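Let's walk through this structure together, one step at a time. Have the sequence and the 3D view ready as you read.

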Amino acid sequence: SPAGMVLSVVVIVLLSVLYEALKMGKAVLLRRALLALPRSLSQEALTEPPQEGDTDPAQGSPSLMAFPIFSPRWFRYHVGQTLFHVLQVVLGYLVMLAVMSYNAWIFLGAIVGSTLGYFL
């Protein structure tokens, strides 16, 4: 029915907008997580060239070895990033599944939703 098709297209537009919003939220959370790293790790240790004999970058760098991986602040950001990633993957597959119905209106709804979500 025409009403069902319109509703389907609106749902796909909203899912696509939400997918783009999750991408932006994930980028913002990544930036905050990088700012939560100690200054010595986030700026100096990551820009140092690796030593000639090192196979693992964490072996030769004392600042990498001293960083508490399980600090509460960093762990919260990492859990948040993981949840954002899972939601982004699920929404991406849902939109892809809808587009794979080979309906032109659904496809256009996904395109319009992605465009709107990126614009906002």
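Two residues are in contact, or touch, when they have heavy atoms within 4.5 Å of each other. This is a predicted model, where local features need pLDDT of at least 70, side-chain atom pairs count only at pLDDT 80 or more, and totals for chains, interfaces and linings use all residues. Residues are numbered from 1 along each chain as its sequence is written, and side-chain values use heavy atoms, with hydrogens and water left out.

Let's begin with Gln 81, which sits in helix H5. (Helices, H or I of at least four residues, and strands, E of at least two, are DSSP runs numbered from the N terminus.) Leaving aside residues up to four places away in sequence, Gln 81 touches Leu 29, Leu 30 and Ala 33. Is Gln 81 buried or exposed? Its relative accessible area is 17%, so Gln 81 is buried; the label buried means under 20%, exposed means over 50%, and partly exposed lies in between, using a 1.4 Å probe and protein chains only.

Next, look for the largest nonpolar core, made of seven residues: Val 9, Ile 12, Val 13, Val 95, Ala 98, Ile 106 and Ala 110. Such a core is a set of buried Ala, Val, Leu, Ile, Met, Phe, Trp, Tyr and Cys residues joined through side-chain atoms within 4.5 Å. Helices H1 (2-36), H5 (72-99) and H6 (104-119) each supply at least two residues of this core, and the largest share, three residues, comes from H1. Pick out Ala 110: not counting residues up to four places away in sequence, Ala 110 touches Ile 12, Ser 16, Val 95 and Val 99.

Now see how two of these helices meet. Two packed helices are described by the angle between their axes and the distance between the axes. H1 and H6 pack at an angle of about 35°, and their axes are 7 Å apart. Here, axes are lines fitted to C-alpha atoms, for helices over the stretch in contact, and angles run from 0 to 180 degrees between N-to-C directions. Among the residues making the contact are Ser 8 and Glu 20 of H1, and Gly 109 and Gly 113 of H6.

Finally, find Ala 21, placed in helix H1. Because its relative accessibility is 41%, Ala 21 counts as partly exposed. Ala 21 and Tyr 118 are 97 residues apart in sequence, yet 7.5 Å apart in space, C-alpha to C-alpha.
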